[in-house]
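Hi,

Here is the structure you'll want open while you read. My notes on what turned up in it follow below.

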Amino acid sequence: MSTDRVDKAWQRKGLKDYSTEAIVGTLGHYGVTVSEADFRQLAEKQYPAGIAEGWMPKWKGTGQFAAFPYAAAGELWKRWQSGRLAPYELSESLAQLMGALGQILQGIQQAPVASSFERMNEVRKRVPVNDKGEPDTGFMQEALRVFDERAARAFDDLAEMLAKAGHREHAQAFADLEEFILPDRRGISKPIIRASLGERDAALEELQKAATDSARTPISRVLAVDGLLHLKANDKVATVGRPILEEAERVQDWHLALDIVARLEHANKQLGDRTALAALEKDRARIEKAHDEAHPTHRRHQHQH
């Protein structure tokens, strides 16, 4: 085991100027023995934060060294996985881009939007993807976990805010990025931007198509219905919702069924359709009963809009 150590200044300085021996030596000193071969093996199935979490049960560092494994895993990834993108690199470039776009919404014309998009697009090319071209789930979960609820809301609203403020190209580019980062939103984020740019009819048609596409994941179809609700197309929700509900019942996807019932209830309340609401009340009771029978130990969460 190396006798080299990282000193307490690492939190201020970062780890880039410390030797690999010092980083590994500090890990070993506080209970985690790791070699380059060990790390490479872990990196086949995990990313830096996941690797660090695996070390934590053995970790004895406290105070300024309490969170050291996370920083160490990130730095060792750079050195021992050279060329492989780390999730935190996407986190950093996304945060930078959102900051720049936030500035331009505040009227700061010299906001570094172009350079931030350029950096983000370079990072995007290196994101590990599956055979459908969708980002690796574990990678993206680790990249996005650093964003709190407020940042997540900003991410959700940003493209539409840009469109409404007249930043057409930025809005379209960010919606494209949003659909890449969260594949369940493919074909959903962009139509909402189209609607904001005055192409409402085409946008509603795209969202209806997405909602009724049985090849999509259930959450993606619910998001498409939510897009219609967001655009206050309650009549379209009522039209597409009923076939989705019937299909969900047929395949016994009770969670999808309950999610759609909640959205149909919302739409029909807005439309003032009491007959439809009365029928939905019976639907909800029937589906909740079926759900509870299928999942007797599963406490049903509230499916609401």
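R40 and E36 sit together in helix α3 (residues 36-43), 4 residues apart, or about one turn of the helix. Helices here are DSSP runs of H or I with at least four residues, numbered from the N terminus. The two side chains form a salt bridge, with the closest N and O atoms 2.9 Å apart; that term is used for a side-chain nitrogen of Lys or Arg within 4 Å of a carboxyl oxygen of Asp or Glu. R40 is partly exposed at 39% relative accessibility, and E36 is partly exposed too, at 34%. (Buried is under 20% relative accessible area, exposed is over 50% and partly exposed lies in between, with a 1.4 Å probe and protein chains only.)

Before going further, a word on where this comes from: the model is predicted, so local features need pLDDT of at least 70 and side-chain atom pairs count only at pLDDT 80 or more, while totals for chains, interfaces and linings use all residues. Residues are numbered from 1 along each chain as its sequence is written, and side-chain values use heavy atoms, leaving out hydrogens and water.

Back to the charged pairs. The count comes to 25 salt bridges. E122 and K125 make one of 3.0 Å, N to O, and they are about one helical turn apart because 3 residues separate them in helix α7 (residues 113-126). E122 is partly exposed at 43%, while K125 is exposed at 63%.

R263 and D226 also form a salt bridge, at 2.5 Å between the closest N and O atoms. This pair links distant parts of the chain, with R263 in helix α15 and D226 in helix α13, 37 residues apart. Both R263 and D226 are buried. There is a network as well, made up of R168, R194, E199 and E206.

Now the inside. A nonpolar core here means buried Ala, Val, Leu, Ile, Met, Phe, Trp, Tyr and Cys residues joined through side-chain atoms within 4.5 Å. The largest has 55 residues, and V6, L27, W55, F68 and F174 have the most contacts inside it. Helix α6 (residues 87-105) gives the most to this core, with 7 residues. A second, separate core of 31 residues includes I192, A195, L207 and L258. Leaving aside neighbours within four places in sequence, L27 is in contact (heavy atoms within 4.5 Å) with several residues, including V32, W55, W59 and F68.

Have a look at helix α9 (residues 149-164) too. Where is the kink in α9 centred? On D157, with an angle of about 45°; the bend at a residue is the angle between axes fitted to the seven residues ending there and the seven starting there. The buried residues of α9 include A151, F155 and L158, and what covers the buried ones includes α6, α10 (168-181), α11 (189-196) and α13. Just after α9, G166 takes a positive phi of about 90°.

K232 is in the loop between α13 and α14 (234-250) and is exposed at 67%. Q252 is in the loop between α14 and α15 (254-271), exposed at 54%.

Cheers

Terms used
Helix = DSSP H or I, 4+ residues; strand = E, 2+ residues; numbered from the N terminus.
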